[in-house]
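Hi,

Here is the structure I promised to pass on.

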Amino acid sequence: MNKIVISLLTKRTFSSSTVLKRIINITNNDEFLAKVMHSSNPVIVNFHAEWCEPCHILTPKMKELIEPKTNIDLAIVDVEHNAELVDTFEVKAVPAVIAVRDGIVVDKFIGLVDANMIETLIEKLDQKS
């Protein structure tokens, strides 16, 4: 019985670590360039702020919808700590979301949107170019 419990815990840990690797908390411009603009996977970038109530609704929903996708990453950018990125991408309100493939912004939306719009964005990125 102990082997089964250890096996289940090991699988759970492995699964969680896989998900965590695909959710990137961006801390600076260099990291953004390396993990978003130069990523081999398409990346959905979520510009958010801790004080933003809609962000606290959108971010978990995006994580949930992206989780089953093995080839799409989610980058989270805190606007309070990344002013240069906010300026570069002309973020005027949060939440703001951009979709990046091969270093090019291919889609974006601003504000709290319904799950269908997020799913459409994910499907767009999931298609092979």
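A definition to start with: helix axes here are lines fitted to C-alpha atoms over the stretch in contact, and angles run from 0 to 180 degrees between N-to-C directions. Helices (H or I, at least four residues) and strands (E, at least two) are DSSP runs, numbered from the N terminus.

Before you dig in, note that this is a predicted model: local features need pLDDT of at least 70, side-chain atom pairs count only at pLDDT 80 or more, and totals for chains, interfaces and linings use all residues. Residues are numbered from 1 along each chain as its sequence is written, and side-chain values use heavy atoms, with hydrogens and water left out.

The overall layout

The protein chain has five helices and five strands, and along the sequence they follow the pattern α-β-α-β-α-β-α-β-β-α. Of its 129 residues, 40% are buried (under 20% relative accessible area; exposed is over 50% and partly exposed in between, with a 1.4 Å probe and protein chains only). If you take contacts (heavy atoms within 4.5 Å) between residues at least 6 apart in sequence, 70% of them join residues at least 24 apart.

The cores

A nonpolar core is a set of buried Ala, Val, Leu, Ile, Met, Phe, Trp, Tyr and Cys residues joined through side-chain atoms within 4.5 Å. The largest one has 21 residues, and Ile26, Phe32, Val36, Val45 and Phe47 have the most contacts inside it. Among the elements giving two or more residues to this core are strand S1 (23-26), helix H2 (29-37) and strand S2 (43-48). Leaving aside residues up to four places away in sequence, Phe32 touches Ile26, Met37, Val45, Val77, Leu85 and Phe89.

Where H3 meets H5

The axes of helix H3 (residues 53-66) and helix H5 (residues 115-126) come within 10 Å and cross at roughly 45°. That makes H3 oblique to H5 (angles under 35 degrees count as roughly parallel, over 145 as roughly antiparallel, 65 to 115 as roughly perpendicular and the rest as oblique). On the H3 side, Leu58, Lys61, Met62, Leu65 and Ile66 meet Ala115, Ile118, Glu119 and Ile122 in H5.

Ala115 is partly exposed, with a relative accessible area of 25%. Its C-alpha atom is separated by 8.3 Å from that of Leu65, 50 residues apart along the chain.

Cheers
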